[in-house]
Amino acid sequence: MGGGVRALMRRKQVDSDRARPGGSSHQLRKELSITQLVAIGVGSTIGAGVYVLVGTVAREHSGPALTLSFLIAGIAAALSAFCYAELASRCPSAGSAYHYSYICVGEGVAWLIGWALILEYTIGGSAVARGISPNLAIFFGGPDSLPWILARHEIPWLDVVVDPCAAFLVFLVTGLLCVGIKESSFVQGVVTVLNCFVLLFVIIAGGYIGFQTGWVGYKVSGGFFPYGANGMLAGSATVFFAYIGFDSVASTAEEVKNPQRDLPLGIGTALSICCTLYMLVSVVIVGLVPYFAMDPDTPISSAFAKHGIHWAMYLVTSGAVLALCSTLMGSILPQPRILMAMARDGLLPSFFSDVHKTTQVPVKSTIVTGICAASLAFFMDVSQLAGMVSVGTLLAFTIVAVSILILRYVPPDEVPLPSSLHASFRLSQENDEEKLRDTLGDGDHEQGTSEISDVVVVESVMDPLIEKQLYASKMDETKRRKTAACSIASVCIGVLILTMSASATFLPFLVRCFVCAFGGLLLLTGLGVLCWIDQDGGRHSFGHSGGFICPFVPLLPVMCILINTYLLVNLGGGTWMRVGVWLVMGVFVYIFYGRTHSSLTDVVYVPVAQANEIYGSPSSSGFVA
C-alpha cells in the first residue's frame with residue numbers, strides 16, 4: 001500500500017529527457033514561431049459555436065448584454081491562460097497539462113489528466129467532424145443533397161447513421177498532420193485567416209446596416225439586462241466554452257523555436273483576438289435583431305436575411321465550415337503529443353513515443369488518433385457526449401492553476417536520479433564524506449601559521465552558534481513549506497465544498513448556507529495564509545528561466561480554480577457518469593501497466609544541487625540533455 005501511494009506521488013524533473021538514454025531520437029522538430037502559434041490558438045478556439053451561440057445565449061440568458069457575457073467569460077479564460085503561459089515557458093515540452101501536473105503534483109494526478117485529455121480530444125474531433133457535413137450540404141441544395149458517397153446513411157438493422165464525410169475529413173487532417181508541423185500549421189493558418197475574414201465581413205457589413213436602421217435590437221422594452229445580472233452571468237458560463245482551444249498552443253511547446261518568448265505571446269494574442277471577435281460579432285448581431293426574435297440555429301445568416309441580404313447565408317456558412325475544419329485540426333493536433341509524452345514517461349507503450357525521422361512528428365500516435373476519431377465520427381452521433389469534452393478541459397485548467405501555486409510556494413526540491421546513475425550518487429556521497437574527513441584532519445597535521453589558519457576555519461565552520469543559526473533557518477524553511485502545502489490543500493478543499501454545496505439545490509436552505517460558509521472559510525483561510533507567507537526562493541531557478549511570470553499570485557490561480565471547479569460541478573450527473581466510466585478504465589490501465597512501467601520506478605530522489613553535480617560529471621555525460 002505504501003509503495004502504491006509513493007508511486008502516485010512521484011514527480012519527474014523539468015528536463016526529464018536528459019535522464020533518458022537516446023532521448024534525442026524522440027525529439028520533435030522546432031519549427032513554430034509566434035505567428036504560427038497564434039494561428040493554431042485562434043483556429044482551435046473559434047469554432048462554429050460562435051455562429052450558433054450568439055442566438056441561443058442572447059435568447060435564453062443575456063439579451064442585449066451578450067457582449068458583457070463574452071467579456072466576462074474571456075476574463076475567466078484569461079486566468080487560465082496566464083497560468084498556462086508561465087508553465088509553458090518554464091517547462092517547454094510536449095504534453096501540456098499532463099506534463100505540468102507530472103512535474104508539480106505527481107504521477108497519479110498526471111495520469112488522470114492525460115487520460116481525460118485523450119477522451120477530450122478524441123470526442124472533440126469526432127463531434128466537430130460530424131458537424132461539417134450538414135453545413136456542406138447547404139452548398140448542394142439542402143440537408144440531404146450531398147453526393148451519395150459523402151451523404152449520411154442509416155443502417156436499419158443497427159439503428160446507426162454513418163457519416164462518410166466526417167470520417168474522410170478526419171483522415172484528411174490526419175494525413176496533413178503526419179506531413180509535418182510546419183506544413184499543417186501553415187494550412188491551419190490559411191483556413192483561420194479566411195474564417196476571420198468572414199467574421200470581419202459580419203462585423204463591418206452588420207455595423208453598416210445597424211447604423212442605417214438605428215440598432216433596433218438595443219431599443220427593446222426589457223432594457224439592456226432583460227434577464228438581470230444573473231442572466232448575464234449564466235450566459236458567461238455558457239459562452240466560456242467558446243474559449244476552449246487556446247491550450248492547444250501549449251501542447252506544441254517542444255516544437256517552438258523560442259518557447260520562453262513565443263509561447264506566452266502566442267497564448268495571450270490568440271485569446272485576445274478570439275475575445276475581440278466574439279464581442280464585436282455579438283455587438284452587431286444583437287443590435288440588428290431583437291434578442292427575442294433571433295433564430296437560435298442560424299442567428300447570423302437570418303439577421304442578414306431579415307434585412308434583405310439573403311446571399312450572406314452562403315458566406316456565413318462558408319465561415320462555419322472553415323471554422324469547423326480549423327477546429328478539427330486543433331482537436332487532433334494535441335492528442336498525439338500527449339500520447340507521446342505519456343509513452344516517454346513509460347505510462348503507455350513505447351510505440352506511441354516514436355518520432356518519424358524525416359518529418360519529426362509522432363506519426364504512429366497521429367495515425368492511431370486519426371483512426372479512433374474517424375471511427376467515432378463515422379459510426380456514432382457524438383453530440384450527446386459533447387459535455388465530456390468540457391470535463392477534460394476544465395480538469396486541465398484546474399490542475400494547471402494548482403501547479404502554479406505549488407511551483408511558487410513548494411516547488412520540488414529533489415529530482416529523480418535514474419538507476420543507471422545510482423553508482424554516481426553513491427560515489428558523490430563518499431566524496432563528500434571524504435572531503436569532510438580531510439577538512440577535519442588538516443587541523444591535526446599542519447603546523448605553524450597554516451595550522452592556526454585551518455583551525456580557525458574549522459572552528460568557525462563548526463561553531464555551535466553558526467550551526468544553530470543554520471539549523472534554525474532550515475527549520476523555518478521546512479515550516480514555511482509545510483504551512484504553504486496545508487494552505488494550498490485548504491484552498492482546494494474549500495473550493496470543492498463551496499461549489500458543490502452552492503450547486504446542491506436539493507439541500508435545505510440553512511444547510512446549504514452553513515456548508516457554503518464552511519467551504520468559504522477554508523478557502524479564505526488558505527488564501528490569506530498564502531498571501532501572508534513568502535513564496536519559495538527556488539521558484540526563480542525552477543525550470544527554464546527568463547519566460548513569462550504569472551501575475552497576482554496567489555489570487556489569480558485561486559480564482560481560476562474556483563471558476564473552473566464551479567463549471568465542473570455544474571456539468572450534470574449524466575456527463576460525470578460517462579466520464580467516471582472512462583476514468584475508472586484509466587485507473588485499471590495505470591495499475592496493470594503504467595505504474596510498473598513508469599520511468600520513475602527505480603529512481604532515487606536527490607537534492608537539485610547534487611543532481612546537477614552528478615549529471616555534469618564525465619561518467620554521466622551520455623545522459624545530459
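Ser96 counts as buried because its relative accessibility is 1%, where buried means under 20% relative accessible area, exposed over 50% and partly exposed in between, with a 1.4 Å probe and protein chains only. The place of Ser96 is in helix α5, residues 96–104, helices (H or I, at least four residues) and strands (E, at least two) being DSSP runs numbered from the N terminus. The model is predicted, so that local features need pLDDT of at least 70 and side-chain atom pairs count only at pLDDT 80 or more, while totals for chains, interfaces and linings use all residues. Residues are numbered from 1 along each chain as its sequence is written, and side-chain values use heavy atoms, with hydrogens and water left out.

- Leaving aside neighbours within four places in sequence, Ser96 is in contact (heavy atoms within 4.5 Å) with Tyr84, Asp247, Ala250 and Ser251.
- Ser375, found in helix α15 (residues 363–379), is partly exposed, with a relative accessible area of 35%.
- The C-alpha atoms of Ser375 and Ala167 are separated by 6.8 Å, although these residues lie 208 residues apart along the chain.

**The protein as a whole**

- The protein has 23 helices and four strands, and buried residues make up 52% of its 625 residues.
- Of the contacts with a separation of 6 or more, 85% are between residues 24 or more positions apart.

- Not counting residues up to four places away in sequence, Leu328 touches Gly125, Val128, Ala129, Ile132, Leu169, Val170 and Val173.

**Helices α2 and α11**

- The axes of helix α2 (residues 34–45) and helix α11 (residues 259–288) come within 8 Å and cross at roughly 40°, axes being lines fitted to C-alpha atoms, for helices over the stretch in contact, with angles running from 0 to 180 degrees between N-to-C directions.
- The two helices α2 and α11 are therefore oblique to each other, since angles under 35 degrees count as roughly parallel, over 145 as roughly antiparallel, 65 to 115 as roughly perpendicular and the rest as oblique.
- Residues making the contact include Ile34, Leu37 and Val38 of α2 and Asp262, Leu263 and Leu265 of α11.
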